[in-house]
Amino acid sequence: MGRQTRAAVFQQPGCAINQAKPEHQRAKGCSPRTLIPGAAAGGCAFDGSKIALQPITDAAHLVHGPLACEGNSWDSRNAQSSGPTLYRTGFTTDMTEMDVIQGGERKLYRAIKAVVEREKPPAVFVYTTCVPALIGDDVEAVCAAATERLGTPVIPVNAPGFVGSKNLGNRLAGDALMKHVIGTVEPEWRTTRDVLIIGEYNVSGELWQITPLLKRLGIRVLASISGDARYREVAMAHRARATMVVCSQAMVALARSLQEKYGIPYFEGSFHGIGETSAALMRMATLLVQQGAPPSLIGLAQDLIAEEEARAWERLDPFLPRLAGKRVLLYSGGVKSWSMISALQELGMVVIGTSVRKSTEDDKDRIRDLMGEDAEMFGQIPAKELWRRLTNGEADILLSGGRTQFTALKTKTPWVDVNQERHHAYAGYVGMANLARQIDSALYHPIWDQVRAPAPWDVEDETP
Amino acid sequence: MTRISGNGKAVTVNPARSSAPLGGAMAFLGVDRCLPLFHGSQGCTAFALVLMVRHFREAIPLQTTAMGELNAILGGAENVEEAICNIRDRAAPRLIGICSTALTETRGEDAFGDLKMMRERHPEWAGMNLVLASTPDYTGGLQDGWAKAVEAMIAALVPDGPADQSPIQVNILPGSHLTPGDVEELRETVAAFGLDPIVLPDLSGSLDGHVPVEYVPTTLGGTPVDDIPHMRASAVTLAIGEQMRPAAELLERRTGVPFQVFDRLTGLKPVDTFLTALSGISGRPVPARFRRQRSQLIDAMLDGHFYFAGQHIAIAADPDLLLALSGFLADMGCTIQAAVSTTSSPALERVPTDTVVIGDLDDLEQAADGCDLIVAHSHGRQAAQRTGIPLYRVGFPVFDRLGVANRVSIGYRGTRDLIFRVGNILIEGHDGHEGPSHGNEERAHDGIVDAPLAAD
């Protein structure tokens, strides 16, 4: 990938995060953190691009590369679809040594053709990985030729793993949509309450905890980039009246581009926690009214929020006394750290520390606001350090992703999954009760007394 | 002989294969105080790591040289060097097992030469073993990477030339198709003959699921590094699975230790053969407990054979696992209707079916029409859902079932338990009726088929 393209991706003069920075920092944009060989963890740019686009559920997603890129990763996330299942099929060119020597362009074209003939998808997304990038396959040209000859949009996603982190991959995915997809389809009808949601992947169906609320306000999700998405919807995203960015850092560049090119205003919000959900709904309503939606939308939103908040607190009632004062260590790369903190604080829990691996300065300020100046924020936490803290009983529970799950369990610490693979939906007013239930269930599980007690003979050894 | 064919498709759909570097890393994970390292972009490591964490339900030590765009073009020797320094500082492993990836192999680095020069620059690395396995993702699959890592360990750590042989010491080279539970069973079986086994690699020590007392940044348990050179003093090498033949041959070439390859240890006759061999090596009769277990297996075969008879199976697995399981299922009276494998191997020629397709899970799904059971790893769940055919999960990855690492399918006991596990699925498949089935045709008349049992 050209160095220029990458620099452009990181230039975000209009982004709130960047504007808050001093000038010398602003010029740098948000460059990816440097990776340390032998002490690195985390996914690559290809991974990030796939996460962002794969929930376009009716499209075919074809990975151009040797087997590992798709073979070791396909069908592992829990992004749900209300209809099409094509996105769960793993397509790859599965490059062999011969392809590496001869170049993979012909193979790629044949693969695209086979996918189109077999599935007749509305579009094919083609992901470039390290090897074809290194041998110089012209994926863009192959995609352009395929689009023309096969009559199906074939979209190149140029995010080979070695260009950087998962986060960068998210952005490059947004870039591909901007360049090839958004603006290519016009909606049949439009309303003043059409919104675009960016960065909500519908993991475990979290989007579906929000859409009923929006429906009651007459708000239509014109497109979601991308959760339970359809290709045509994404292609008509440019007709949205407002954008909500859910996972701020990853895809804010796309929201900014849409604002610049189509004049769609955006805001960053979260659906984790009662207060955050209400705030997001209010901001969405306000923004839409500013854009020409009927002013009565504000009152409607206020009524809905009042009603839903009351019900949400009612649902939480049985859990609150049991969760009050429990200490949480939050170690998440995916869910926005501050929004999760605010949700946990609403449950009366004490967040003793949080990771800020993907957070911006602005995010960190919000964390300080929420947790106070003593807030402990850390980046990558070495497994050894995590082990020590959990063994010392510094936290009553760890909220993290699968990668640290077994570190927690080996120290006999309760654990709840808050990452991509999670099987419970925690969004909105209903999701909050799910979160409380899961944490409660983990904390008060009957195994803890059993597994923590020493073996009888070990006790006897100590007391002769 | 079985026909082996490709799938002739222009695109791989729903991959069945896991990558070679992942297999290499898994083999290194069977060595004590080891830290495997992928020489590639950080994504290569992240994907393999997450998959192994989900499969074994364990924290997995695995590192990356974190190749960036510039390194990929200019060369990654510096990254390897830096990675080794960092790993040494943080984890102090006895062995770093390096697996190359497609990215670094495409550039054509002389990693072996680079490593040699690094060692000269770093005298402080002296006590730390570095083993390099060439495992480009574009060649072969998990079991090939596993085999290459074992060969690399033998080449690097076993000295050339014969040694004073110990008549009771034997080398065991288990293939990637054995679970940690299988390896434990294997070692105990060999030890029961009074033999002293060196198992390489030994996942039963490292990935058997145990709760350590303190944090360890490397593997904890597995083959002790210091045991590996002693493999040259063994009386014999027992290789389990065709994939381990080259490693056994290498060991013989270097040290003169003869070897025997066992296709499979699942099924009555294969286990008979294996125990007979152990009896021959040790000069001891087969211990009484195995005679008892043999009788239990025979009883299980008698009890279970109704349910397997005439059942049509669609199976996808790496070659050695494919051979072991399809051989077992055929022994029990099943028909292997569809067999898909991931990489070429002489083992495929012995799979009891007409044709083995080297292909993907889409090939399996297309050919599974009318089958009673799909046997595949967890990714087979999509095919199972779409076809309505029950799935028995085997191999790697199995991320949606508990206890896969401890499951034993070898030896008399393991085969017996396998009959129970698969047999129960087949019973369940017939609407939970307990009556013996007599193949597809009669299934519509379950009530009638039930009658003989009722009359018993």
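This report walks through a helix, the chain contact and the domains of a predicted model.

Local features need pLDDT of at least 70, side-chain atom pairs count only at pLDDT 80 or more, and totals for chains, interfaces and linings use all residues. Residues are numbered from 1 along each chain as its sequence is written, with chains lettered from A and ligands numbered from 1 in the order in which they are written.

Let's start with helix α2 of chain B, residues 42-56. Helices here are DSSP runs of H or I with at least four residues, strands are E runs of at least two, and both are numbered from the N terminus. The 15 residues of α2(B) reach 21 Å from first C-alpha to last, close to the 21 Å expected at 1.5 Å a residue (the expected span is 1.5 Å times one less than the number of residues). Because 15 of the 15 residues are buried, α2(B) is largely enclosed by the rest of the structure; buried means 20 or more other C-beta atoms within 10 Å of a residue's own, with C-beta atoms placed from the backbone. Just after α2(B), B:R57 takes a positive phi of about 55°.

On to the contacts, where two residues count if their C-beta atoms, placed from the backbone, lie within 7 Å. Chain A puts in 52 residues and chain B 54.

| Domain of chain B | Residues |
|---|---|
| domain 1 | 20-157 |
| domain 2 | 169-284 |
| domain 3 | 291-450 |

In chain B, 24 residues of domain 2 touch 29 residues of domain 3. On the domain 2 side, α8(B) gives the most, with six residues.

Terms used. Buried ≥ 20, exposed ≤ 12 C-beta atoms within 10 Å, placed from the backbone. Domains from an automatic or database assignment.
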